[in-house]
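Me: I would like to go through this structure term by term. For each label, please set the value against its definition and then conclude.

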Amino acid sequence: MILDSKVPEGPLAEKWTNHKFNLKLVNPANKRKYNIIVVGTGLAGSSAAASLAELGYNVKTFCYQDSARRAHSIAAQGGINASKNYPNDGDSVYRLFYDTIKGGDYRSREANTYRLAEVSSNIIDQCVAQGVPFAREYGGLLDNRSFGGAQVSRTFYARGQTGQQLLLGAYSALNRQIKKGTVQSYTRHEMLDLVTIDGQARGIITRDLVTGAIESHAAHAVILCTGGYGNVFFLSTNAMGCNVTAAWRAHKRGAFFANPCYTQIHPTCIPVTGDHQSKLTLMSESLRNDGRVWVPKTVEMAQRLRKGEIKVADIREEDRDYYLERKYPSFGNLVPRDVASRNAKEMVDEGRGVGKSGVAVYLDFKDAIARLGEDAVRAKYGNLFDMYMQITDENPYKQPMRIYPAVHYTMGGLWVDYNLMTTVPGLYALGECNFSDHGANRLGASALMQGLADGYFVIPYTVGDYLAKLGFGPVDANHPNFEKTRSEVESKVNTLLGLKGKQTVDDIHKKLGHIMWEYCGMARSAEGLTKAKGLIQELRKEFWADVTVLGENEELNQSLEKAGRVADFIELAELMVDDAFNRRESCGGHFRVESQTEEGEAKRDDEEFSFVSAWQYHENAPEELHKEELKFENVVLTQRSYK
Amino acid sequence: MSRFNQLFSSTIGKKLIMSLTGIFLSLFLVVHLVGNLQLFKSDGGLAFNEYAYFMTHFAPIKAISYLLYATFIVHALYSLIITYRNRKARPIAYASYNGAANSTWNSRNMGLLGTIILIFLVTHMSNFWYQYHWGDVPYVEYTTNIQTGETSVRDIPAAEFHDFVKYIEDGSEIMIAKDLYKEVNFSFQSWYLVVFYVLAMVALGFHLAHGFKSAFQTLGFDHNRYAPLIRAIGFWIFGILIPLLFAAMPLYSFFVVNS
Amino acid sequence: MNLTLKVWRQKNENTRGKFHTYEAKDISEDMSFLEMLDVVNDEITRKGEDPIYFDHDCREGICGMCSLYINGRPHGPKEQITTCQLHMRSFHDGQTIVIEPWRAAAFPVLKDLAVDRSAFDRIQQAGGYISVNTGGTPDANIIPIPKVKADEAFNSATCIGCGACVAACKNSSAMLFVGAKVAQFAVLPQGQAERKERAQAMVDQMDKEGFGSCTNTGACEAECPVGISLSNIATLNREYLGAKIIKEVEVH
């Protein structure tokens, strides 16, 4: 199968405009004849559902949380990029595009990334109109701050809760449509399978998490906005419920999975304290605007520090190694996330890590507090400092924060074309769920931008094109495929409930997490990945042989929910390892130890690997790799340098 | 449902009624207090008895007094209606409840405090208001020498006289009135009534310490400078000063006048 | 440390619940409260018993899903945090901890410690939005909004919708939640067009859901994990009464 990205012809800057004109339209009066399912109600899902319902389509939304407003987009802290150039510092659509594609280490599609930059300004307009209270200057105009990987200030923010405010904006738009009756909202519902008829997506099977009812929902198009799969690592900054199930089941029904090995490890998270840890907490990247990252210059000093023989304050200025500033003088502490993370790991591996465990580096605000005053620092980062204090019982105003990288975002996801349609006609993937815009590494404040760009400004155009060509007939909800898929789901649920082994689902999940973090985390090698593959295959057997799933289907059953999700994570993990093995270059978040420069920086191989890996699922056969060549007509590929 | 009904059947509308009646009752307390302060005069009750007559016979005040009775009833009635709904809003109570951690005791017990005040009101009305209007209150004659200002007091048996008069004769001002002052001091000979009155005033203090500011909050008054002023007035004047002065009356009567 | 937990167990909405006692052993003070429950659940699961169901998701204090009533207080003994941010260092060895679900007629218990808070969604649906369609909005900087106003709006908008205000209120009133949304839009110029309608519609829905009325005890403000202030309730009262008494607008 040849992957057709459907990127339109013409100059980069005119592609989207021309494409919109060429897309077929559905007559306003006919829109209500079409049903659309949106799975997931984060930024992409809520914005898509609301926008489509405003156009007149009948929309159903599904989320596993008890309210659409709780989707994990809500936890995004730092901000959202847009090329408004309000600060007059030289920003433009092209610069945002360029920074994003460079930040992604030239592994994303030019046209998609350009479109993202192009609609970014509209997002800010839209959100402000909805009443999102962005930070403002005293003059009443919007404030901006800078973020990693950029040398302009283009990030709009609402204190440290930008994701929350944007999601509540989209949620309010969604609520307006629910009241109008154009959106039907299903909360505490989990999508467990995709129904296809003649190879086209025609509905989904869900489980009502409260009653256990397995239900079929038919529609002309299905839009997955189900986020990323970072929880495959068990410990991540994702919410506890974040999972790959919807995307994975769609993958098994024919949707290609692209670049699964591209995972982003966020450099500024609160370090792990023990085995009981259930999740990791992110400290916004914006902290790197004012915080300075360092470790002691010598291993010996770090050791004494860990043992408690000396205190942070005892380490003199000249004995501190501000390694990011030293190695990357022009970007300093604001290097992209992958670079910052890898360097932290390097310091810890050298034995210069800090904290009791030694698996952390310092993020120090001493100079910022001296320069700006404690109040100014509090105004900017107060809520983050409070959170840090709450979790660690340490006061970051008085002593440096301890941070360490943690899994945060997955750039990989379902393969989509320029219209955001997967390889299954009628099935779309938006936001983190797809692979499209961030290449091998995502820049800070770009996830919110992508989720909302896809939902507000892309899908409303592109889905119409598909529907217009479809004709007006209703979807046959009585088609045997619905019953067939439903009973498959039911039997899977029953199989899970029949598992009465000795280990809990979390036991297996933690083991999976260890394997992934160890061998498919910040540094990957052919040897490690081979080992990981074997371990995952064993773990998969262990899961089906020895896990225990309690309770019944007809109740709120966390044990059952988790079991289904972990079973899918195990399958995904194997594909991630395959993909990582296959990509013998280092790019962005994917660092192969075999491929590095003399200075130990990631080394890309554009000759061989300038492609998107799109994996096709086969029943009882290995996944098949399809390559979508990446053509760069507008940017010159260079080895990324933040020095 | 009519618009009007719709407003007053809403939770906020009902609270509006509590707020407005509450503020009116608070204002009444001020007037009542000012009048009752005459009890502290050592004039044998002349000023107090004249004030009592004025309050019960001046037409506009009489009219307001009926409004006042209605206000009491509405305030109490709506508190019942609101409490009923609020109870229904939590059918299963918490097994472990630590209200003290997040709110003041009086704010959570306005109903209890209100009930104490209601019992007090009934007692108070039957003691004085009922007695004054329909009871067997003796009369008193005050003769004040206009030049010297000296006053002599003479009791008049109720059987001999049935009205209020005030006139000037032979350089003296003579006033004959119902002797509520005596009635008051007579009642406060009983120590347990004094104790009850004082306790009721404590309850009133607690009730108003929350109620006064709460009434303004319900009206939506939320000025960054004046709202704290309202809270201060609510606490210091209505929560402490007014109940304190009221409580001082039975104590004064018991310890000073009657001893 | 070792603790005794008294936990409310209830199979579903239609059955009666009761307290069960569990021992939590070897709890580290670095654990969050929910991680402590994970440990207890792990042990229960290994015994083959049904683990305690509680709502949780982001575990970083922002999604508003976690909702436990701990020793008589929503989100436990510490102020301005959610249960997931509460750490075991706030408790001491040998302590007995009573854990209950939010109690309110409008929040029926679904299972154990999880309640149905969809009433909040319905209130938002009644009017918690500004009616703008996607696209066609003016430039974001076209209306300057004074910083103080923007900050005020943010302070209201920061509500995470957890329901602690209802849980804390002795009347199960939702006024703080509703007030926060109404106040956010009442402050902003974008919210003016539907201002009166919004206050009426949201209060009507709030009343329909069976929440109690506000008696201004301030418990909600004290227990709110994100510090939504009582002045939001004053604003709500003002907005609603203004809409009803001074100039009523038809709600559609």
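This is a predicted model: local features need pLDDT of at least 70, side-chain atom pairs count only at pLDDT 80 or more; totals for chains, interfaces and linings use all residues.

Me: Where does H12(A) bend?
Reply: H12(A) bends by about 55° at A:Val458, and the proline A:Pro460 follows within four residues. The bend at a residue is the angle between axes fitted to the seven residues ending there and the seven starting there.

Me: What makes H12(A) a mostly covered helix?
Reply: 19 of the 22 residues of H12(A) are buried. Buried means under 20% relative accessible area, exposed means over 50%, and partly exposed lies in between, with a 1.4 Å probe and protein chains only.

Me: How do you know that helix H11 (residues 374-392) of chain A falls short of a straight helix?
Reply: H11(A) has 19 residues, and a straight helix would reach 27 Å at 1.5 Å a residue, but the end C-alpha atoms of H11(A) are only 20 Å apart. H11(A) also has a kink of about 85°, centred on A:Tyr381. A:Tyr381 is among the buried residues of H11(A), which also include A:Gly382, A:Leu384 and A:Phe385. The cover over these buried residues includes helix H10 (366-372) and strand S16 (401-410) of chain A. Just after H11(A), A:Asp393 has a positive phi of about 65°.

Me: Why is A:Arg337 called buried?
Reply: A:Arg337 has 5% relative accessibility, so A:Arg337 counts as buried. A:Arg337 belongs to helix H9 (residues 337-349) of chain A. Leaving aside neighbours within four places in sequence, the contacts of A:Arg337 include A:Phe147, A:Glu285, A:His408 and A:Asn441; contact means heavy atoms within 4.5 Å.

Me: Which UniProt annotation covers A:Arg337?
Reply: An unreviewed UniProt entry has the annotation "active site" at A:Arg337. UniProt positions are given in the numbering used here, feature names are shortened, and annotations may be inferred rather than shown by experiment.

Me: Why does A:Pro8 count as buried?
Reply: The relative accessibility of A:Pro8 is 13%, so A:Pro8 counts as buried. A:Pro8 is in the segment before helix H1 (12-22) of chain A. Not counting residues up to four places away in sequence, A:Pro8 touches A:Lys15, A:His19 and A:Tyr418.

Me: Why are strand S6 (183-186) and strand S18 (427-429) of chain A placed at the edges of their sheet?
Reply: The open sheet has 5 strands in the order S6-S2-S1-S10-S18 (chain A), with parallel pairing. S6(A) and S18(A) each have a single partner strand, so one side of each is left without a neighbour in the sheet. The twist averages 20° from one strand to the next.

Me: How do you know that strand S10 (residues 221-224) of chain A pairs with S18(A)?
Reply: Two strands pair if DSSP finds at least two bridges between them. S10(A) and S18(A) have 3 bridges, in the parallel sense, and A:Val222 has A:Leu427 in S18(A) as its bridge partner.

Me: What makes strand S2 (18-24) and strand S4 (73-74) of chain C edge strands?
Reply: The open sheet of 5 strands in chain C has the order S2-S1-S5-S3-S4, with mixed pairing. S2(C) and S4(C) each pair on one side only.

Me: How many bridges join strand S1 (residues 3-9) of chain C to strand S5 (residues 96-100) of chain C?
Reply: There are 4 bridges, and the two strands run parallel. C:Val7 has C:Ile99 in S5(C) as its bridge partner.

Methods: Residues are numbered from 1 along each chain as its sequence is written. Chains are lettered from A and ligands numbered from 1 in the order in which they are written. Side-chain values use heavy atoms; hydrogens and water are left out. Axes are lines fitted to C-alpha atoms, for helices over the stretch in contact, and angles run from 0 to 180 degrees between N-to-C directions. The expected span of a helix is 1.5 Å times one less than its number of residues.
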